[in-house]
There are 2 protein chains.
Amino acid sequence: MSLLVIGSVAFDDIETPFGHAEKIVGGAGTYIAWSASYFTKGIRMVSIVGEDFPLSELEALQKRGVDTSGIKIVEGGKSFFWAGRYYNNLNSRDTLVTDLNVLADFDPVLPPHFRDSEYVMLGNLTPAIQLSVIKQMAHRPKVIALDTMNYWMDSAMDELLEVLSQIDLLIINDEEARQLSGEYSLLKASEIIREIGPKYLVIKKGEHGALLFGEGRVFYSPALLLSEVRDPTGAGDTFAGGLMGYLAGQKNLDFEVLKQAITCGSAMASFCVEKFGTEALRHISQEELSERVERFAHMVQFQVPGW
Amino acid sequence: MSLLVIGSVAFDDIETPFGHAEKIVGGAGTYIAWSASYFTKGIRMVSIVGEDFPLSELEALQKRGVDTSGIKIVEGGKSFFWAGRYYNNLNSRDTLVTDLNVLADFDPVLPPHFRDSEYVMLGNLTPAIQLSVIKQMAHRPKVIALDTMNYWMDSAMDELLEVLSQIDLLIINDEEARQLSGEYSLLKASEIIREIGPKYLVIKKGEHGALLFGEGRVFYSPALLLSEVRDPTGAGDTFAGGLMGYLAGQKNLDFEVLKQAITCGSAMASFCVEKFGTEALRHISQEELSERVERFAHMVQFQVPGW
């Protein structure tokens, strides 16, 4: 199957209580693609970088089977740059720098051979860009998933609602779900959001796991307990990448398959946070991955008491 | 089996965004006993109230099979009174009044027929009182469980450590586990706390569920998603009561049984928060209870992908 990934490719400066990484490769698209590459081939990436971006990074993705021909390299341009500092056991962070650079003028044009992709993951970008990608598809993809953030709810709500009406799966965090719906109860929030369009909704709760809503059902996937969490940057995108990568390798989209996909996403996110940036996503064996996914099953299984 | 419950029996004033309840019956002991009564007979309660406490409330407990002969009624005394106000979608609260009244001089003397109890639930009280109860037991109970709070970690750490060294199961929330261990990672915190004494540790995470640690394993029980949460008062005690009530009805204490017990506690807590005070705990049918417990299993079950 083919998975189209749209998202930023960037440089990050990351400071956590556990260290400081300067100008490492990040961006939503990067995390999504690396994570998805463990589950499916045929990943196609659309993004924009400056001339300063190392080609070796694109080659590393190509070696994972990612078609990077949709990543535009702007001559003389500078790549998107973000710097952040984490505090308080990684629960809060300050953004120190956001230099959009070439991302400011990102107007993606899909290479013709990308337009028949069956799965589409729209990383967090302006809703206008997300809409433009959907319009360029040759026919309706099997699954369109989308990530967004509070900022677009404040600044581009109309366009956000329009794109939400065209997707199958929305992946946001609990705070965003509450803002989007105006409801504190995540159960009520899920009903309101699903009426806007997406048949399925995934609500990420960070260290508390993730919830899946759809088909009148709820699924809860915990987060694994880790001894060391060094850098949460990209965990949400890694989760989405694992989830969509897994889906793209399946025949159908239904609640049962989504449950597995979420568990794969959670497993990938658990690797991600153990090291800085995308480092932990570069070499994961099938054995390590299977072991983590199985841990989720063991962590929640119990025998219902027979009264 | 016999379950000894020690905890406050009190009057509460509770204000939430959903209403205001004045001078309703509360207290850790009350919630624990009501909740446990759905799982076991032979509950024995030790507490203290003033002359102002309605006998009808004790009779209601007796009708649930609770032996209230260990509840001392102080002539001319006033019952413990607590008033609190909840804010921000019930995530934070202010204590407006704490009148210890008769609880200030609580020095429990166990009725002789209570001293052979096989299961003991020590509700949140001074560690000195909790120690005194253990000392009065005729022989080592099968299971001693304990709840405590930050306040005792600040003011009576030595006695708290002493009582912790004598129990089997500690039930605290995530904030308390972090303070007690000095570790933010709950996995690391669990190791440190279990070295102090308790073989098993349950960490409550409110709307995010609960974790069980022991035998080198971890179990995660989510909280049910509810449309309406009206009053979180007593949810933690209700959880502990359901957990210990279930345990007291079982032959052995092991990880598998504890997993079921935690799910029963979570189910009871989910009823508790839907109404004010203990109201929701007064009439729960076996059918309603079974249905809730099964919902936990459905909420987390998935088929591990077969790679």
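This dialogue works through how to read the folds of two chains and the contact between them in a predicted model.

Trainee: How many helices and strands does chain A have?

Mentor: Helices (H or I, at least four residues) and strands (E, at least two) are DSSP runs, numbered from the N terminus. Chain A has 10 helices and 13 strands. Its radius of gyration is 18 Å, close to the 19 Å that the globule rule gives for 307 residues, so chain A is as compact as a globular protein of that length. That radius is taken over C-alpha atoms, and the rule is 2.2 Å times the number of residues to the power 0.38. The C-alpha trace of chain A spans about 70 × 45 × 35 Å along its principal axes.

Trainee: Which residues of chain A does UniProt assign to a domain?

Mentor: An unreviewed UniProt entry places "domain: Carbohydrate kinase PfkB" at residues 19-279 of chain A. UniProt positions are in the numbering used here, feature names are shortened, and annotations may be inferred rather than shown by experiment. The span is 36% helix and 27% strand, and its end C-alpha atoms lie 14 Å apart.

Trainee: In what order do the 9 strands of the open sheet in chain A run?

Mentor: Two strands pair if DSSP finds at least two bridges between them. In chain A the order is S5-S4-S1-S8-S9-S10-S11-S12-S13, with mixed pairing. Strand S5 (66-74) and strand S13 (217-221) of chain A are the edge strands, each pairing on one side only. Neighbouring strands are turned by 15° against each other on average, direction ignored. Within this order, S8 (residues 119-122) and S9 (residues 143-147) of chain A are parallel, with 4 bridges; Tyr119(A) has Val143(A) as its bridge partner in S9(A).

Trainee: Which strands does helix H2 of chain A lie across?

Mentor: Axes are lines fitted to C-alpha atoms, for helices over the stretch in contact, and angles run from 0 to 180 degrees between N-to-C directions. Helix H2 (residues 55-63) of chain A lies across strand S4 (43-50) and S5 of chain A, and runs at about 160° to S5(A).

Trainee: What is the order of the 4 strands in the open sheet of chain B?

Mentor: The order is S3-S2-S6-S7, again with mixed pairing. Strand S3 (19-26) and strand S7 (92-99) of chain B each have a single partner strand, so one side of each is left without a neighbour in the sheet. S2 (residues 10-16) of chain B is antiparallel to S3(B), with 6 bridges, and Thr16(B) stands opposite Gly19(B). On to S6 (residues 80-87) of chain B, S2(B) pairs in the parallel sense over 6 bridges, with Ile14(B) opposite Gly84(B). S6(B) and S7(B) are antiparallel over 7 bridges; their hairpin has 4 residues between the strands, and Asn88(B) there takes a positive phi near 40°.

Trainee: How many residues of chain B are in contact with chain A?

Mentor: Residues are in contact if their C-beta atoms, placed from the backbone, lie within 7 Å. By that rule 31 residues of chain B contact 31 residues of chain A. H10(B) gives the most to the chain B side, with 7 residues. That side divides into 17 nonpolar, 9 polar and 5 charged residues. Here Ala, Val, Leu, Ile, Met, Phe, Trp, Tyr, Cys and Pro count as nonpolar, Asp, Glu, Lys and Arg as charged, and the others, Gly among them, as polar.

Trainee: What rotation superposes chain B on chain A?

Mentor: Copies are superposed by least squares on the C-alpha atoms of residues with pLDDT of at least 70 in both. The rotation is 180° with 0.0 Å of shift along its axis (RMSD 0.0 Å). The two copies are thus related as by a two-fold rotation axis. They meet through the same surface, because 100% of the interface residues of chain B are also interface residues in chain A.

Notes:
Residues are numbered from 1 along each chain as its sequence is written. Chains are lettered from A and ligands numbered from 1 in the order in which they are written. This is a predicted model: local features need pLDDT of at least 70, side-chain atom pairs count only at pLDDT 80 or more; totals for chains, interfaces and linings use all residues. Two residues are in contact if their C-beta atoms, placed from the backbone, lie within 7 Å.
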